[in-house]
Amino acid sequence: MNDSHHDTRKETVAKWISVLHRQFQMYLNRELKPYGIRSSEYIYLVNLEEEAGVSQETLSRSLYINKAATARAIARLEKLGLVRRTRDESDARAYAVTLTPDGVKMCEVIKGKLLRWAHTLEEGLTEDESAFMLRTIKRMSANALALVEAARNESDEEGSSDDDD
């Protein structure tokens, strides 16, 4: 299935996913600006609400974000009083990250913004169409992850690591 029509369609899907991602970032940046939170930071708060007390490294791994970017975001969220870092009892080199009471409140605000975004995206779609889109996007995401992991493994074998934020 390498005909030109198929390749063009794939490029178009990637383009529109990219457009949606940029629009999502613009939406979140605008909606969260009054709270001092950036679109690149909300995901940590939401993830910490689901899994409190995880290490920064675990956060990085589960969110597919490099350790340096995670450390910067967590440090900033800590300055805002939304998260607390404490030394991990089982590993003195690691930090366990938890939400503060203000962080918990912020999660409620963020979840409201995310729900509005999700409803807007699904407007005019049937339940079947939404379910199909979700399955398709999950499959595409798994395909992309496999490609990124393969490239990372090749890079590691060559002795270099060049992860992006």
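This is a predicted model: local features need pLDDT of at least 70, side-chain atom pairs count only at pLDDT 80 or more; totals for chains, interfaces and linings use all residues.
Residues are numbered from 1 along each chain as its sequence is written, and side-chain values use heavy atoms, leaving out hydrogens and water.

Now for the overall layout. The protein has 6 helices and 3 strands, and from the N terminus they follow the order α-α-β-α-α-β-β-α-α. Helices (H or I, at least four residues) and strands (E, at least two) are DSSP runs, numbered from the N terminus. The predictor's confidence in each residue, pLDDT, goes from 0 to 100. It averages 88 in the protein, and 88% of the residues score at least 70. Helix α5 (residues 101-122) has the highest mean, 96, while helix α1 (residues 4-32) has the lowest, 83.

Of the 165 residues in the protein, 27% are buried. Buried means under 20% relative accessible area, exposed over 50%, and partly exposed in between (1.4 Å probe, protein chains only).

Let's return to α4 with those words in hand. Its buried residues are A69, T70, A73, I74 and L77. Seen down the axis of α4, they fall within an arc of 125°, so they line one face of the helix; the arc is that of the directions from the helix axis to the C-beta atoms. The cover over these buried residues includes α2 (42-50), α3 (56-63), β2 (83-88) and β3 (91-99). K67 and K79, on the other side of α4, are exposed.

The two ends of the helix are worth a visit too. At the start of α4, a side-chain oxygen of N66 comes to within 3.2 Å of the backbone nitrogen of A68. Just after α4, G81 has a positive phi of about 80°.

One more residue deserves a look. Most residues other than glycine have a negative phi. Y64 is not a glycine, yet its phi is positive, at about 60°. You can find Y64 in the loop between α3 and α4, and Y64 counts as exposed because its relative accessibility is 58%.

How values were computed. Contact means heavy atoms within 4.5 Å. A polar contact is a pair of N or O atoms within 3.5 Å; within protein, one must be able to donate a hydrogen and the other to accept it, and residues adjacent in sequence count only if both atoms are side-chain atoms.
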